[in-house]
Amino acid sequence: MHTETLVFTMFLIFTGAAIVATMALYARQAMLVAYILLGMAVGPWGLGFVDDPQVISEMSNIGILFLLFLLGLDMPVGKFIQLVGETTVVTGVTSLIFALLGFAVAWFFGYSLIEQLLVGAALMFSSTIIGLKLLPTTILHHKRTGEIIISILLLQDLIAILILLALEVKGGVELDTGRMIILLIALPALFGLGYLLERYVVQKLVMRFDTIQEYIFLLTIGWCLGFAQLSGVLGLSHEIGAFIAGVALATSPIALFIAESLRPLRDFFLIIFFFSLGAGFDLGIMEQVLVPALILAAVTLVAKPYVFSFVLGYAGESRHRAREIGLRLGQISEFSLLIAVLALQLEVIGAEASYLIQATTILTFIVSSYLIVMRYPTPIAVSETLRRN
């Protein structure tokens, strides 16, 4: 991307985002929706001002990495293991129910068996960005509601990785025994490496240069992106690597400083993410998938909050907390978009099925974020009584 084009694209994203966000606030709408609609308006299938949304999308993924890194900073290993143990059954049961619902809708509209399976798989996951970005900091880091949401999303991410590996096998990508062994040991190995490096390297560097904030800031970014890259090399997702990097620093005395320093950088890239989501969507194919996408989105938006609420209530959570978690997780995930795109690239499914998943994801993003912002405390609530940072 040429410099002039990049500057113009950044102008469109952030000047446009400022304008549409102002309009959204006056209209008492969620700003996330405004960013997506802005991307649709100026993307290749809108006005055409942005002709390469893939580059913007790759940049935006950094925001997700920083988001998960910040979550890890408040999640020591012992606490993480405890939470995962508490929510494994909940995640497994709800994922199975959502998969069956998606499978049934795809079967009804006559998609092939593999497409039915992948549509079902897409419904299993909830959005990390919406689920966590719309949580106030006090709830995210200090309340059980935030802890449960984090652990469910992380378990869903692990399931998504297995599905992505299965797609590679189905698409003819060689997956030998050696790689399988690497994948099995990669996660505990990353945790162990993070612990050792933090204890014997990072702690000493921080103690030596803790008064130089610029250095601490650079060290933190390098640490986060380094683990994300290492995780990707080992066959895991970059997001899991970023989370592990945060967990490794959770007991560090500078954890609070890091969290405050990186929050603006995270928001910068998340705005780009939502813009690229809208810009990358082909509006021309909507006519073919509109009806099944609307039905699938409606099933998701109705079933997910109810199923999560019921299963969490059965597991012993209070009715109020179960309902709130259900609504906050009542959409489809960024991982669903990745599954849809990868399956299309590997020619495992057709373009129509891929765009069905993408359209449904965007629709649930829009409606779910609107419902959350209007009903529960969020950092971007239009009502002052619900606005919590």
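# Helix packing and aromatic pairs in a predicted model

Phe8 and Phe11 share helix α1 (residues 3-26), where they sit three residues apart, about one turn of the helix. The model described here is predicted. Phe8 is partly exposed, with a relative accessible area of 36%. Phe11 is partly exposed too, at 44% relative accessibility. Phe8, Phe11 and Phe49 form one aromatic cluster.

## Aromatic pairs

How many aromatic pairs are there? The count comes to seven. A pair of aromatic rings is described by the distance of the centres and the angle of the planes. The table gives these values for two of the pairs.

| Pair | Centre to centre | Angle between planes | Arrangement |
|---|---|---|---|
| Phe8 and Phe11 | 6.0 Å | 35° | tilted |
| Phe108 and Phe109 | 5.2 Å | 90° | edge-to-face |

The Phe8 and Phe11 planes make an angle of 35°, and the pair is tilted. Phe108 and Phe109 form an edge-to-face pair, with 90° between the planes. Is Phe108 buried or exposed? Phe108 counts as exposed, at 62% relative accessibility, because the cut-off for exposed is over 50%. Phe109 has 29% relative accessibility and counts as partly exposed.

## Overall make-up

The protein has 16 helices and zero strands. Its length is 389 residues, and buried residues make up 54% of them. Among contacts with a separation of 6 or more, 79% link residues 24 or more positions apart.

## Helix α16 and its partners

Helix α16 covers residues 351-375, and helix α15 covers residues 334-345. Their axes come within 9 Å and cross at roughly 165°. The two helices are therefore roughly antiparallel to each other. In handedness, α15 passes α16 in a left-handed crossing.

Which residues make this contact? From α15 come Glu334, Ser336, Leu337, Ala340, Val341 and Leu344. They meet Ala351, Ser354, Ile357, Gln358, Thr361 and Phe365 in α16. By class, the residues of this α15 and α16 contact are seven nonpolar, four polar and one charged.

Helix α2 (residues 31-42) also packs against α16. The axes of α2 and α16 come within 9 Å and cross at roughly 145°. On the α2 side, the contact uses Leu32, Val33, Ile36 and Met40. On the α16 side, it uses Ile362, Phe365, Ile366 and Ser369. The contact of α2 with α16 has seven nonpolar residues, one polar residue and no charged residues. Phe365 is listed in the contact with α15, and Phe365 is also listed in the contact with α2.

Thr364 is another residue of α16. Is Thr364 buried or exposed? Thr364 is buried, with a relative accessible area of 0%. Beyond its neighbours within four places in sequence, Thr364 touches Ala297, Thr300, Leu301, Gln331, Ile332 and Ser369. Ser369 is listed in the contact of α16 with α2 as well.

## Ile129 in helix α6

Helix α6 spans residues 128-133 and holds Ile129. Ile129 is buried, with a relative accessible area of 0%. What does Ile129 contact, leaving aside its neighbours within four places in sequence? The partners are Ile64, Leu67, Leu134, Leu270, Phe273, Phe274 and Glu334. Glu334 belongs to α15, where it takes part in the contact with α16.

Ile129 can also be set against Ser333. The two are 204 residues apart in sequence. In space, Ile129 and Ser333 are 8.3 Å apart, C-alpha to C-alpha.

## Helix α5

Helix α5 runs over residues 113-122. Why does α5 count as largely enclosed by the rest of the structure? Seven of its ten residues are buried, so α5 is largely enclosed. The buried residues of α5 are Glu115, Gln116, Leu118, Val119, Gly120, Ala121 and Ala122.

At 7% relative accessibility, Gln116 counts as buried because the cut-off is under 20%. With neighbours within four places in sequence left aside, Gln116 is in contact with Phe103, Ala106, Trp107 and Tyr111.

Notes: Residues numbered from 1 in each chain as written. Predicted model: local features only at pLDDT ≥ 70, side-chain atom pairs only at ≥ 80, totals over all residues. Heavy atoms only, no water. Axes fitted to C-alpha atoms, helices over the stretch in contact; angles between N-to-C directions. Helix = DSSP H or I, 4+ residues; strand = E, 2+ residues; numbered from the N terminus. Parallel < 35°, antiparallel > 145°, perpendicular 65-115°, else oblique. Left-handed = near helix turned anticlockwise from the far one by under 90°. Contact = heavy atoms within 4.5 Å. Nonpolar A, V, L, I, M, F, W, Y, C, P; charged D, E, K, R; others polar. Buried < 20%, exposed > 50% of the residue type's maximum accessible area, 1.4 Å probe, protein only. Phe/Tyr/Trp six-rings, centres within 6.5 Å; stacked < 30°, edge-to-face > 60°.
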